[in-house]
Amino acid sequence: MRNLLNPKWLLAINTLPILLLFLLFWGDYSIIKTLLTEDNLAYWKGFGLILFALSILNFGYTLLCIIKALKVSIYYAIISLIVYTIFIFLYNVHSRHIIPSDIPRWMLSGDLLLYVGTFLMPTLIHALFIIVIKLTSANKNHKAWKNFLSAVAVPIVWYIFFQVIAPLWQTVDSRFSEHAFIILMIIGVIIFLFFLIRGIYILSLQKDGKWKKYQLFWKIPIAIIFPLLGLVVNRGYLFRGFTGNDTGIFGDFSSPWFFVLACINGILICLPNTKHKRYRILLYAGRSITLTYTLYFFMVFLPFLPFSIIAIIAVGTGFLMLTPLVLFVIHLQELTSDFSFLKQHFSKPLLFGISIFGFLIIPLSIIGAYQKDRHVLHETLDYIYHPDYSKDYNIDKKSLQKTLHVITSNKDRRNDFIFGNQTPYLSPLFNWIVLDNLTLSDAKINTIERIFFNTPSFGIRRSENLVNEGVGISNISSNSTYNKEANYWTSWIDIEITNANSDRFQSEYATTIDLPEGCWISDYYLNIGDRKEMGILAEKKSAMWVFSQIRNVRRDPGLLHYLTGNKVSFRVFPFAKNEVRKTGIQLVHKEPVTLDIDAHEVILGNANSQIESETIQSDHIAYVSVSDKERLEHTKRNPYYHFVIDMSQDKDSLRSHYEDLITQFLEKQPLASQPKISFTNSFTNTIPLDNVWKNTLNGMAFEGGFYLERAVKKILFNAHTEPSNSYPVIIVVSDDIQNSIIEKDFKDFKMAFPESDIFYHLNTSGQLASHSLTHTPKRAIDGHAIVDVHHAVLAWPNTKEPLAYLTDNNAPSIVLKSPIFDIIEKDIQSKNWNSGLLLQGKWISHTLYPKIAEDEWNQQVKYSFMSQIMTPLTSYIALENEAQKAILLKKQKEVLSGKKSFDLNEDTQRMSEPSLFILLILIGMFILIKRKGIKLL
């Protein structure tokens, strides 16, 4: 332990943690600074300057000691212990001035109050170690039992104090009483830890005597019994009422590996240190491996050491909080003893190599397992959200189920005593490696589990209580301008919304707008107070997250974003009783259009202006105007049946029933074209419906969920990317279509079903029902339907060599001439209709080829920003203040740096990550120290 006097330790223990502390505080300060008062800013500057001065003095002292080859002085340790303790105490006293209660907690990265104690605690503990070393001479025969007795006396004295003296304590100033109690408690904790550490240190110095002779009597409890008992108590097995059934006191340590490693580590610590060099080097290697485990729990409980004395007084098993500290010292001492013996027989580089490699085995194993989980999760998300429809997928369900369990546990904050269901250090590391520090929404987790295991984890609840009744448009107007050079219209819609409820506060206006083809939103504003706040075009998930957080604290956001197809959600919040709010939307469009907004008809552009639109074509995309569609030839394609059979779990009893249903249906309503059939559960297997289809049915397993959405999209993809003179009529064969998995409608695929948006459900009673692909697909339109195949379409550009088939309606159409293409950045111009057409074409391409969308989505968000045209990847949001705008940019950066399928946390605050920083720092410092040849003890 005497090597702790080496001043280089101060760089890792003090300088680096304080630097990280400044970075964390600066990150939050840059977000909330505009919300702070002059008084708050004074506290920020005051405490910041004090901590900066302390760190500079500490760093200067460290350099002085290194240059002059001095050991750390006891005077430094005493001053450091007193000064940093006072700093933490004063910070806690004035914390409400540093982070006022009116600052939204969702804007902060974590608990800044906890950060200060966490990052400065290593300095305090190190100072205590220095004082112990300096006051305990190795040449004197110190009595360990006296120090342990003194340590035990502290909680006993405090217990008597709280039982006898505290009830009689009365002062005039309650604040004085409160501070006096805290100061006395701090002094008691310092005395307690001093004698405890000193007793352990004395034991480590003894080469003989009773403590050495009978070391197994105290090593077995400290190294084996207490760690296992701590894991059991933390889980709540001994005190069921102290913690919930689903969580631990200090986090989730329920993995069997914690218990296995506790046993192995304890046995390695207790094994005798013989003079046999081969045995000893194996012991040294084993102890190096499990040092990670000991260090892990030492760091978990380090911030809570000051509370250990309170836990001992309040709960008899509170002494278990001290086990990691004691075990850490013993473990280091055993490694030092091994090293001192082995260096006589082996080279130091070999021993350093063994210790470094051993120390890294557990971390690298964990990282390797997390990398595998990442691969499986990414493959799963690609299959669901960014699939290659021409590729067959093979998902490792066992790994996927384990990964989902960890994600679900990390999200669960029920019975949250300290860390809830999260595992300190490891949960942030898992989130960092597997989830890019983001998460999966409850809905996505449910979808994955329904698809692959047919069992959802979450009961999805409405996250918002939408109060929209009585809030509506009281006035609406529009103004359109025609750009003669570029040949498109720019229109503003100005809206006044009134809350007609005289007795309802905090109402919200929410509606949807169906935009015509070739019409895009290019700007937005919302009047907030007496100013006109222009909307910010932001990445969609970030904007929706910020909107949700602001809405929870009753502030003033407005939001526009795409749902599916051309349907746009429009929301404004909040409305006081009888309040009137003004907002507006700008759109660019090629032809005059008519919008319906909450039963208010709005005409944009002048239909009588004699401006005739024509088809606009580029190498990759075409806009077919209404007038040009009228000149196209009508044609009828040949329909064929495409059956989709429910092969999900527990449906094997319907196997023979399926055969009869399809056979009877084909006899009653035959079509000339060859039918196809898709066997669908988690995956889809499609074959022609020929003479051997029944054999295929009989040989397939019924498992997973009925992933109907994937099957339908694959059918539509094949129909559109391989245009022919035939088209599919989709017949879903299932006993209950409500159990199928369809997360949203198929509006984005509307180009793939120009004949009709109808598909059919054939139930086990032989009854046929019609459903819509574009509106709530699971809801039946007609429960006694007859297949309708009499639909004509328009062949574009002609019937001889058609590139696409268009719906015969009085609306323009957009045709993708090249299924995959690149946008040239110089073609993107601000609020330009042609730029909107390029972005729309790219969205259609990504709908058909989602795998490419995953690789290009950052670029498409960038192009949306450049053009200021909202796309399905972006959203217009109006915010109230600069702090909200700052957190929006921060969240946007987080989202854009991760996988497209990941989400921001649905809670109001993300899990804090300082523990991950500390873990990585310690591993890095350990490797650095070993490479430099610095002895640990």
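The predicted model holds 30 salt bridges, a salt bridge being a side-chain nitrogen of Lys or Arg within 4 Å of a carboxyl oxygen of Asp or Glu. Because the model is predicted, local features need pLDDT of at least 70 and side-chain atom pairs count only at pLDDT 80 or more, whereas totals for chains, interfaces and linings use all residues. Residues are numbered from 1 along each chain as its sequence is written, and side-chain values use heavy atoms, with hydrogens and water left out.

Asp338 belongs to helix α13 (residues 323-342) and Arg287 to helix α11 (residues 277-301), so the pair ties together parts 51 residues apart in sequence. Helices (H or I, at least four residues) and strands (E, at least two) are DSSP runs, numbered from the N terminus. Asp338 has 0% relative accessibility and counts as buried, and Arg287 is likewise buried at 0%; buried means under 20% relative accessible area, exposed over 50%, and partly exposed in between (1.4 Å probe, protein chains only). Salt bridges that share partners join Lys219, Arg280, Arg287, Glu334 and Asp338 into one network.

A further salt bridge is formed by Asp523 and Lys831, whose closest N and O atoms are 2.6 Å apart. Asp523 lies in strand β4 and Lys831 in the loop between β24 (813-816) and α23, so this pair ties together parts that are 308 residues apart in sequence. Asp523 is buried, with a relative accessible area of 10%, while Lys831 is partly exposed at 26%.

Strand β4 is also part of an open sheet of five strands, ordered β1-β2-β9-β4-β5 with antiparallel pairing; two strands pair if DSSP finds at least two bridges between them. The edge strands, each pairing on one side only, are β1 (471-483) and β5 (531-534). Seven bridges join β4 (residues 519-528) to β9 (residues 580-589), and Cys519 has His589 in β9 as its bridge partner. Helix α23 (residues 833-848) packs on the sheet and touches β2 (488-499), β4 and β9, its direction making about 110° with that of β4. Contact means heavy atoms within 4.5 Å; axes are lines fitted to C-alpha atoms, for helices over the stretch in contact, and angles run from 0 to 180 degrees between N-to-C directions.
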